[in-house]
Amino acid sequence: MDGSRPHPRRGLPFAATWWSFIFPLGACVTGTSALAARTGSQLFVWIAVVLYALFVAAWAVVARHSLRHAVRQRERARR
């Protein structure tokens, strides 16, 4: 390769703005759950379950990165 093309980065750097993805996903889970309860549709129940699983997974990933970032910042402050 001649180096004229940029190489894609591996992974995204953590930023506190990652938490901004959690609220809309939580709103979708809540709305879909309410729709499932109101209509009694099993389709909406299963969609709500899948969205909830995605919500929990996203929350766990962002929380883990937040804690790791906080620990790194604290270590830097001690130096």
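This is a predicted model: local features need pLDDT of at least 70, side-chain atom pairs count only at pLDDT 80 or more; totals for chains, interfaces and linings use all residues.
Residues are numbered from 1 along each chain as its sequence is written. Local features need pLDDT of at least 70, side-chain atom pairs count only at pLDDT 80 or more, and totals for chains, interfaces and linings use all residues, while side-chain values use heavy atoms, without hydrogens or water.

The protein contains two helices and zero strands. Both types are DSSP runs numbered from the N terminus (helices: H or I, at least four residues; strands: E, at least two). Helix α1 covers residues 22-39 and helix α2 residues 42-78. Their axes lie 9 Å apart, at an angle of about 160 degrees. Axes are lines fitted to C-alpha atoms over the stretch in contact, and angles run from 0 to 180 degrees between N-to-C directions. The two helices are therefore roughly antiparallel (angle over 145 degrees).

Contact means heavy atoms within 4.5 Å. On the α1 side, the contact residues include Ile-22, Leu-25, Val-29 and Leu-35. Among their counterparts in α2 are Phe-44, Leu-51, Phe-55 and Trp-59. The residues of this contact divide into 17 nonpolar, four polar and no charged. Here Ala, Val, Leu, Ile, Met, Phe, Trp, Tyr, Cys and Pro count as nonpolar, Asp, Glu, Lys and Arg as charged, and the others, Gly among them, as polar.

Phe-21 sits in the segment before α1. Phe-21 is exposed (over 50%), at a relative accessible area of 61%. Phe-21 and Phe-55 are 34 residues apart in sequence and 9.4 Å apart in space, C-alpha to C-alpha.

Note on methods: Angles under 35 degrees count as roughly parallel, over 145 as roughly antiparallel, 65 to 115 as roughly perpendicular and the rest as oblique. Buried means under 20% relative accessible area, exposed over 50%, partly exposed in between (1.4 Å probe, protein chains only).
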